[in-house]
Amino acid sequence: MISSYTPAADAEIAAAAAKAGADVVRAMYGTRLDRVDKGGGDFATSADIEAEKTILGVIRAARPDDAFLGEEGGRQGGAAGTGREWLVDPLCGTLNYAAGTMLVGVNVALRGGPAAVADPFSGEVLCTDGATAWLREEGAATSPLSPSAANRLVDVNLDPLARGPYGFRALDMLAAPAFDEHFRTRVGSTSLALAWVAAGRRAAYVTDGGDVASSVHFAAGIALCRAAGCTVTALDGSPLTSTTRGLLAAADASTHARLLSIIAATR
């Protein structure tokens with residue numbers, strides 16, 4: 001058990017847990033996977049479930065009194081009064097994974113604190129202690145994350161296709177001349193999309209949806225972007241809260257402002 005409750009120690013736990021989950025995901029790739037129907041076309045695989053169990057084991061060994069909220073197993077544990085909860089999406093991109101596509105990530109975040117996103121197939125782990133963000137590669141030293149909008153690539157989550165609560169629809173944004181004049185799209189986002197914004201591999205990420213701020217899908221990526229210095233808001237430009245909807249994360253303030261104006265024009 002790690003006795004120190006410093007952000008640096010929590011970041012090490014997040015990184016170790018994410019990497020352990022990623023090892024499971026990589027090992028089970030291409031094998032025969034059982035599916036668990038979650039309704040509405042959504043499902044989990046045995047890889048999701050085994051990765052979450054492994055992540056939970058790492059966190060419990062280091063932080064036995066902390067609570068745990070997993071995408072597959074729900075909320076577990078937590079001693080009264082600690083106020084600490086780990087948010088885990090053990091395989092973000094299950095549909096990609098089941099289809100034999102390696103565009104997936106593993107998310108581990110302490111609510112409001114350190115976090116990590118692991119790429120099972122590149123061996124990269126992107127980490128933050130809540131103040132700084134860095135990249136770890138297997139067999140290589142760490143390096144700080146440096147956001148950049150120079151590539152003008154924007155990852156867009158197209159779920160749902162109908163207009164969301166702000167009257168926004170991603171398809172309309174993509175069709176706007178102002179978007180086409182400045183940006184290029186990359187669609188098929190997972191937790192890696194936000195991590196890539198933090199790392200300078202994407203200019204921005206846009207998604208409509210529900211309570212993004214408290215979601216196991218987004219917590220780690222949002223933490224990385226914030227620590228790296230990106231501009232992160234709801235789709236209307238307001239701070240992310242439990243009552244806001246959607247997410248706009250951009251490498252810098254000017255890219256954020258440009259996309260925000262395009263979004264506003266499509267409503």
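A residue is called buried when its relative accessible area is under 20%, exposed when it is over 50%, and partly exposed in between, using a 1.4 Å probe and protein chains only. Lys38, for example, has a relative accessible area of 34%, so Lys38 is partly exposed. Keep that scale in mind as we walk through the structure.

The structure is a predicted model, in which local features need pLDDT of at least 70 and side-chain atom pairs count only at pLDDT 80 or more, while totals for chains, interfaces and linings use all residues. Residues are numbered from 1 along each chain as its sequence is written, and side-chain values use heavy atoms, with hydrogens and water left out.

Let us begin with charged side chains. Side chains of opposite charge can pair when their charged atoms come close. A salt bridge here is a side-chain nitrogen of Lys or Arg within 4 Å of a carboxyl oxygen of Asp or Glu. The whole structure holds 14 salt bridges. To say where they sit, we need helices (H or I, at least four residues) and strands (E, at least two), which are DSSP runs numbered from the N terminus.

Glu71 is partly exposed, with a relative accessible area of 23%.

Next, look at Arg84 and Asp10, whose side chains form a salt bridge of 2.9 Å, N to O. Arg84 is in the loop between strand 4 (74-77) and strand 5 (85-92), and Asp10 is in helix 1 (residues 7-28), so the pair ties together parts 74 residues apart in sequence. Are these two residues, Arg84 and Asp10, buried or exposed? Both Arg84 and Asp10 are buried. They also take part in a network of salt bridges that links Asp10, Arg63, Asp66 and Arg84.

With Glu12 in helix 1 and Arg136 in strand 9 (residues 133-136), the pair ties together parts that are 124 residues apart in sequence. Glu12 counts as partly exposed at 37% relative accessibility, and Arg136 is partly exposed at 25%.

Now for the rings. Rings of Phe, Tyr and Trp (its six-membered ring) pair if their centres lie within 6.5 Å; planes under 30 degrees apart count as stacked, over 60 as edge-to-face and the rest as tilted. The whole structure has four aromatic pairs. In one of them, the rings of Tyr29 and Phe121 have centres 5.0 Å apart and planes at 70°, so the pair is edge-to-face. Tyr29 lies in the loop between helix 1 and strand 1, and Phe121 in the loop between strand 7 (115-118) and strand 8 (125-128), so they tie together parts 92 residues apart in sequence. Ring pairs join Tyr29, Tyr97 and Phe121 into a cluster.

Our next stop is a pair of helices. Helix 6 (residues 191-199) and helix 7 (residues 219-228) pack at an angle of about 10°, with axes 8 Å apart. The axes are lines fitted to C-alpha atoms, for helices over the stretch in contact, and angles run from 0 to 180 degrees between N-to-C directions. That angle makes helix 6 roughly parallel to helix 7 (under 35 degrees counts as roughly parallel, over 145 as roughly antiparallel, 65 to 115 as roughly perpendicular and the rest as oblique). Contact means heavy atoms within 4.5 Å. Helix 6 contributes Leu194, Ala195, Val197 and Ala198, and helix 7 contributes Gly221, Ile222, Leu224, Cys225 and Ala228. These residues divide into eight nonpolar, one polar and no charged. Here Ala, Val, Leu, Ile, Met, Phe, Trp, Tyr, Cys and Pro count as nonpolar, Asp, Glu, Lys and Arg as charged, and the others, Gly among them, as polar.

Nine of the ten residues of helix 7 are buried, so helix 7 is largely enclosed by the rest of the structure. Just after helix 7, Gly229 has a positive phi of about 100°.

Finally, visit a backbone detail. Most residues other than glycine have a negative phi. Arg152 has a positive phi of about 60° although it is not a glycine.
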